[in-house]
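Hi everyone, thanks for coming. Let me put the structure up first, and then I'll talk you through it.

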Amino acid sequence: VQLQASGGGLVQTGESLRLSCKASGRSISIYVMGWFRQTPGNQREHVGSITRTTSYTNSTIGRFFISRENDKNTVYLQMNSLKPEDTAVYYCARLRLGGVMGQIRDYDYWGQGTLVTVSS
């Protein structure tokens, strides 16, 4: 399976942005999908994940929402009220079957990342 993240860009503080993660090669409908972000010199941070029916997001962020459209083989990350500290490269990933949602090592396929820059 290939994952293609898109939708990043430069926005101002307080604005919203929606990232997309389009999968190809195989359906992701039965898989938990996750979003992560990373800034230079830091570890990749789990933003949240979505099962087939339920979205979970990092409570320390609180302004982001994950959704999916299985018929489009796509997962989304809606980011609201963006802050400069949200600036990062955002990645989508597929959780292997039986994996633990919060364990980064359990995500077996990753998109290439899309850069989000929030200006103050």
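I'll go through the strands and then some side chains.

A word on where this comes from: it's a predicted model, where local features need pLDDT of at least 70 and side-chain atom pairs count only at pLDDT 80 or more, while totals for chains, interfaces and linings use all residues. Residues are numbered from 1 along each chain as its sequence is written, and side-chain values use heavy atoms, with hydrogens and water left out.

Okay, strands. When I say strand, I mean a DSSP run of E with at least two residues, numbered from the N terminus. Two strands pair if DSSP finds at least two bridges between them.

So, in what order do the strands of the open sheet come? There are 4 of them, in the order S1-S3-S8-S7, and the pairing is antiparallel. Strand S1 (2–6) and strand S7 (64–69) stand at the edges, each with a single partner strand, so one side of each has no neighbour in the sheet. On average, neighbouring strands here are turned by 15° against each other, direction ignored; that angle is taken between axes, which are lines fitted to C-alpha atoms, with angles running from 0 to 180 degrees between N-to-C directions.

Let's walk across that sheet. S1 pairs with strand S3, residues 17–24, over 5 bridges, in the antiparallel sense. One example: Gln4 has Lys22 as its bridge partner in S3. Next, S3 and S8 are also antiparallel, with 6 bridges, and there Leu19 has Leu77 in S8 as its bridge partner. Finally, S7 is joined to strand S8, residues 74–79, by 6 bridges, again antiparallel. Phe64 has Met79 as its partner in S8.

Now over to strand S9, residues 88–95. How many of its 8 residues are buried? It's 7, so to speak mostly covered. Buried means under 20% relative accessible area, exposed means over 50%, and partly exposed is in between, with a 1.4 Å probe and protein chains only.

S9 has several pairings. With S4 it pairs in the antiparallel sense over 6 bridges, and Gln38 has Val89 as its bridge partner in S9. With S11 there are 3 bridges, antiparallel, including Ala88 with its partner Val116 in S11. S10 is joined to S9 by 3 bridges too, running antiparallel, and Leu95 has Tyr107 in S10 as its partner.

That brings us to the rings. A pair of aromatic rings is described by the distance of the centres and the angle of the planes. Rings of Phe, Tyr and Trp (its six-membered ring) pair if their centres lie within 6.5 Å; planes under 30 degrees apart count as stacked, over 60 as edge-to-face, and the rest as tilted. The structure holds 4 aromatic pairs. In one of them, Phe36 and Trp110 are tilted, 4.9 Å centre to centre with 50° between the planes. Phe36 lies in strand S4 (residues 33–38) and Trp110 in strand S10 (residues 107–110), so this pair ties together parts that are 74 residues apart in sequence. Phe36 is buried at 1% relative accessibility, whereas Trp110 is partly exposed at 27%. Trp110 also forms a tilted pair with Tyr107, at 6.2 Å centre to centre and 55° between the planes. Tyr107 is buried, at 4%. Ring pairs link Phe36, Tyr91, Tyr107 and Trp110 into a cluster.

Some rings have a charge over them. That's counted if NZ of Lys or CZ of Arg is within 6 Å of the ring centre and within 35 degrees of the ring normal. Arg44 lies over the face of Tyr91, 3.7 Å from the ring centre. Arg18 has its charged end over the ring of Tyr76, 4.1 Å from the centre.

A polar atom of the Thr114 side chain lies 3.0 Å from the backbone nitrogen of Gly8. Contact means heavy atoms within 4.5 Å, and leaving aside neighbours within four places in sequence, Thr114 is in contact with residues including Ser6, Leu19 and Ala88.

Ser6 itself is in strand S1 and is partly exposed, at 35%. Not counting residues up to four places away in sequence, Ser6 touches Arg18, Leu19, Ser20 and Thr114.

Terms used: Polar contact = N/O pair within 3.5 Å; in protein donor to acceptor, adjacent residues only side chain to side chain.
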